[in-house]
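Me: I have a structure open and want to learn how to read it. Can we go through it step by step?

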Amino acid sequence: MAQASADMPYFINPSVNCKQSKKIEAYDHAMTELLALLEGESDLIVIMSSINCILKTHFNYYYWVGFYISDGQKLKVGPYQGTLGCLDISIGRGVCGRVAATGKTIIVDDVHALDQGKDHIACDPNSQSEIVVPVMNSEGNLIAVFDVDSSVKGSFDEIDQQYLEHIMSVFFTERKHSTNLINHL
Ligand code: SME
């Protein structure tokens with residue numbers, strides 16, 4: 001399997017942090033676009049892929065963005081944009097696995113300060129800070145986690161948490177879907 005590299009590939013730029021007022025403006029624009037783009041959409045893979053693309057378009061601190069899909073036993077990598085992501089993660093392990101276990105968002109200002117392999121899994125050595133948000137279906141069951149990495153420290157805060165939790169609620173919890181993610185695993 002290809003090893004993560006500290007060299008940033010040509011298709012990815014280093015993250016640039018931005019102030020909260022710019023974040024709010026960008027999330028409002030992204031939400032408007034997503035609501036128009038995904039009106040009436042019920043396919044989970046289409047929704048996930050579109051969220052990745054629109055958010056990566058609006059935020060220059062989004063280095064890696066994507067979903068890990070839960071089959072109840074472990075997390076499998078789903079739609080994402082960025083360098084090679086780990087293919088699967090045990091529930092309870094890493095930031096994603098802990099979010100899947102607790103159903104609560106985690107923000108990490110410095111991922112390298114965590115116990116590597118236990119509380120953080122480094123798919124890419126360039127990742128410096130991270131936010132992971134739970135994704136619940138309309139029955140309130142965790143179906144995935146949404147993971148965003150930045151290549152600089154301290155990129156994520158309560159604004160990201162509020163907006164990302166709202167986006168996951170609108171497009172996953174408050175919407176019936178035509179596909180069952182397990183069918184895609
Ligand atoms: N950092 C995550 C693993 C996924 S890679 O960032 C895409 C974690 O600690 O669970």
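**Reading the ligand site and the disulfide**

Reply: Start with one contact. An oxygen atom of the ligand is 2.8 Å from a polar backbone atom of Ile 121. Keep in mind that this is a predicted model.

Me: Which side chains have a polar atom by an oxygen atom of the ligand?

Reply: A polar contact is a pair of N or O atoms within 3.5 Å. Asp 147 has a polar side-chain atom 3.3 Å from a ligand oxygen. For Asp 149, a side-chain N or O atom is 3.1 Å from an oxygen atom of the ligand.

Me: How much of the ligand's accessible area does the protein cover?

Reply: On its own, the ligand has 310 Å² of accessible area, and the protein covers 99% of that. The ligand sits in the largest cavity.

Me: Which elements give two or more residues to the shell around the ligand?

Reply: They are strand E1 (64–70), helix H3 (94–102) and strand E6 (142–150). H3 gives the largest share, three residues.

Me: How do the shell residues divide into nonpolar, polar and charged?

Reply: Seven are nonpolar, two polar and three charged. Among the residues surrounding the ligand are Trp 64, His 120, Cys 123 and Glu 130.

Me: What is a disulfide, and which cysteines form one here?

Reply: A disulfide is a covalent bond between the sulfur atoms of two cysteines. Here Cys 86 pairs with Cys 123, with the sulfur atoms 2.0 Å apart. The link is left-handed, with -120° about the S-S bond. The pair joins distant parts of the chain, 37 residues apart. Cys 86 is in the loop between strands E2 (74–81) and E3 (88–90). Cys 123 is in the loop between strands E4 (106–108) and E5 (129–136).

Me: How many disulfides does a search of the whole structure find?

Reply: One.

Terms used: Residues are numbered from 1 along each chain as its sequence is written. This is a predicted model: local features need pLDDT of at least 70, side-chain atom pairs count only at pLDDT 80 or more; totals for chains, interfaces and linings use all residues. Side-chain values use heavy atoms; hydrogens and water are left out. A residue is near a molecule or strand if one of its heavy atoms lies within 4 Å of it. A polar contact is a pair of N or O atoms within 3.5 Å; within protein, one must be able to donate a hydrogen and the other to accept it, and residues adjacent in sequence count only if both atoms are side-chain atoms. Accessible areas come from the Shrake-Rupley method with a 1.4 Å probe; for residues, only the protein chains shown count as cover. On a 1 Å grid over the protein atoms alone, a cavity is a set of points where a 1.4 Å probe fits but cannot get out, and a pocket is an open set with protein on both sides within 12 Å along at least five of seven lines; lining residues have an atom within 4 Å of a point. A molecule sits in a cavity or pocket if more than half of its atoms lie within 2 Å of its grid points. Helices (H or I, at least four residues) and strands (E, at least two) are DSSP runs, numbered from the N terminus. Ala, Val, Leu, Ile, Met, Phe, Trp, Tyr, Cys and Pro count as nonpolar, Asp, Glu, Lys and Arg as charged, and the others, Gly among them, as polar. A disulfide is a pair of cysteine sulfur atoms within 2.5 Å.
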